[in-house]
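Keep the viewer open as you read.

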Amino acid sequence: MDKKSGYGKHSSKEITEVISRNIAAGHEKDYDNWLQRFMLAERQFPGYLGTTIFAPGGNISSVRYVINRFADQASLDAWENSEVALSLIEEVSKYSTLQRV
């Protein structure tokens with residue numbers, strides 16, 4: 001922790017991406033299963049730092065926020081443009097819609 005500011009030190013290149021998806025009714029389990037595979041896959045990519053999942057309203061809400069952290073933009077781009085990520089995004093689009101944050 002940085003003693004001067006009281007906050008942890010982070011690289012100035014570190015990037016955070018927030019993805020919001022609205023899950024179609026009846027597809028919550030499909031989404032949860034997909035999310036597990038998505039997180040396992042992205043962990044394999046260089047520069048991956050972590051993911052936080054936020055579900056406002058808990059399990060009764062159809063909205064999920066996925067907050068991804070990568071070491072830099074190039075690492076995030078490599079993940080997002082990979083065959084595995086593109087395939088997973090195509091799959092989840094069958095039962096959820098991307099929401100702009």
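What you are looking at is a predicted model, and the protein chain has an average pLDDT of 89, with 88% of the residues scoring at least 70. One stretch to treat with care is residues 1–8, where the pLDDT is below 50. In the model, this stretch has 6 contacts beyond near neighbours in sequence. Where pLDDT is low, the predicted coordinates should not be read in detail.

The largest nonpolar core has 17 residues, and the members that touch the most others are Tyr 31, Trp 34, Leu 35, Phe 38, Val 66, Trp 79 and Leu 88. Which elements build this core? At least two residues come from each of β1, α1, β3, α2 and α3, and α1 gives the largest share, with 6 residues. Setting aside residues up to four places away in sequence, Tyr 31 touches Arg 21, Ile 23, Arg 64, Val 66, Val 92, Tyr 95 and Ser 96.

Next, follow helix α2, which spans residues 73–80. Its buried residues are Ser 75, Leu 76 and Trp 79. Viewed down the axis of α2, these buried residues fall within an arc of 100°, so they line one face of the helix. Among what covers them are β1, α1, β3 and α3. At the start of α2, look for Asp 72: one of its side-chain oxygens comes to within 3.3 Å of the backbone nitrogen of Ala 74.

Now for the charged pairs. How many salt bridges does a search of the whole structure find? There are 2. In one of them, Glu 91 pairs with Arg 37, and the closest N and O atoms are 2.5 Å apart. This pair links distant parts of the chain, with Glu 91 in helix α3 (residues 83–92) and Arg 37 in helix α1 (residues 28–42), 54 residues apart. Are these two residues buried, partly exposed or exposed? Glu 91 counts as partly exposed because its relative accessibility is 24%, and Arg 37 is partly exposed too, at 38%.

Another salt bridge joins the side chains of Arg 69 and Glu 14, at 3.1 Å from N to O. Here again distant parts of the chain are linked: Arg 69 is in strand β3 (residues 63–70) and Glu 14 is in the segment before β1 (15–23), 55 residues apart. With a relative accessibility of 30%, Arg 69 is partly exposed, and Glu 14 is partly exposed at 24%.

Not counting residues up to four places away in sequence, Arg 69 touches Glu 14, Ile 15, Thr 16, Gly 47, Tyr 48, Leu 49 and Gly 50.

For a last stop, find Ser 20 in strand β1. Is Ser 20 buried or exposed? Its relative accessibility is 3%, so Ser 20 counts as buried. Apart from neighbours within four places in sequence, the residues in contact with Ser 20 are Val 63, Arg 64, Tyr 65, Thr 97, Leu 98, Gln 99 and Val 101.

Note on methods
Residues are numbered from 1 along each chain as its sequence is written. This is a predicted model: local features need pLDDT of at least 70, side-chain atom pairs count only at pLDDT 80 or more; totals for chains, interfaces and linings use all residues. Side-chain values use heavy atoms; hydrogens and water are left out. A salt bridge is a side-chain nitrogen of Lys or Arg within 4 Å of a carboxyl oxygen of Asp or Glu. Helices (H or I, at least four residues) and strands (E, at least two) are DSSP runs, numbered from the N terminus. Buried means under 20% relative accessible area, exposed over 50%, partly exposed in between (1.4 Å probe, protein chains only). The arc is that of the directions from the helix axis to the C-beta atoms. Contact means heavy atoms within 4.5 Å. A polar contact is a pair of N or O atoms within 3.5 Å; within protein, one must be able to donate a hydrogen and the other to accept it, and residues adjacent in sequence count only if both atoms are side-chain atoms. pLDDT is the predictor's confidence in each residue, from 0 to 100. A nonpolar core is a set of buried Ala, Val, Leu, Ile, Met, Phe, Trp, Tyr and Cys residues joined through side-chain atoms within 4.5 Å.
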